[in-house]
Amino acid sequence: SNDGGGETGGDHQLRVSKIRSGTVIDHVRGGQALNVLAILGIDGSEGEELSIGMNVPSDRLARKDIVKVEGRELSQDEVDVLSLIAPESTINIVRDYDVIEKHRVDRPELVEGVLSCPNSECITTGDEPVTSTFDVLEDGVRCAYCETIVRTGIASLIDT
Ligand code: CTP
Ligand code: ZN
């Protein structure tokens with residue numbers, strides 16, 4: 001296990017403490033941790049206990065981010081949206097300090113309510129509340145209303 005504690009470097013301390021129960025989102029592409037939280041709609045304002053490590057050393061990736069959410073088991077549907085910004089991430093469900101489930105994120109067919117359309121003429125960006133819906137393509141996302149396609153910089157569409 002390398003939690004970015006520098007185990008490869010001979011430093012055996014964990015940089016981010018273990019959690020008791022909750023979800024560990026591991027192997028997040030370096031620099032994406034804050035986008036991971038944003039796309040999940042988690043911002044700590046409800047008192048959620050969060051730990052974030054950014055650009056920590058990793059065996060598998062040169063540098064990784066890690067996000068730990070104490071007291072909350074994220075569902076597969078909730079984490080699948082992460083495939084848009086952190087497709088290589090691993091989701092670990094922790095109970096009583098043990099990892100009881102480990103899974104990868106799957107690409108969903110569509111994502112609702114988490115991205116905002118960059119087209120200012122789009123019905124989803126107007127005053128009337130219309131929930132944004134994007135179809136997930138091989139290489140990007142497409143607004144289901146105005147068909148605008150975004151292939152790069154999807155993180156900048158995250159509705160915060
Ligand atoms: N973890 C945690 N709190 C726990 C148990 C695990 O924060 N109570 C973290 C570990 O530090 C690690 C991740 O959850 O970052 C996955 O744990 P584990 O499966 O034990 O580690 P690895 O075997 O290294 O996982 P992988 O093979 O996915 O790299
Ligand atoms: Zn649109």
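Trainee: What makes S2 and S3 a pair of strands?
Mentor: Strands here are DSSP runs of E, at least two residues long, numbered from the N terminus. Two of them pair if DSSP finds at least two bridges between them. In this predicted model, seven bridges join S2 to S3 (residues 63–70), so the pair qualifies under that rule. The two run antiparallel, and one of the bridges links Val-56 with Lys-64 in S3.

Trainee: Why are S2 and S5 said to stand at the edges?
Mentor: Look at the order of the open sheet: S2-S3-S1-S4-S5, with antiparallel pairing. S2 (49–57) and S5 (98–104) each have a single partner strand, so one side of each lacks a neighbour in the sheet.

Trainee: Which strands does helix H1 touch?
Mentor: Contact means that C-beta atoms, placed from the backbone, lie within 7 Å. Helix H1 (residues 33–40; a helix is a DSSP run of H or I, at least four residues) packs on the sheet and touches S1 (22–29), S2 and S3.

Trainee: What are the ground rules for numbering and cut-offs?
Mentor: Residues are numbered from 1 along each chain as its sequence is written, with chains lettered from A and ligands numbered from 1 in the order written. Local features need pLDDT of at least 70 and side-chain atom pairs count only at 80 or more, while totals for chains, interfaces and linings use all residues.

Methods:
Two residues are in contact if their C-beta atoms, placed from the backbone, lie within 7 Å. Axes are lines fitted to C-alpha atoms, for helices over the stretch in contact, and angles run from 0 to 180 degrees between N-to-C directions.
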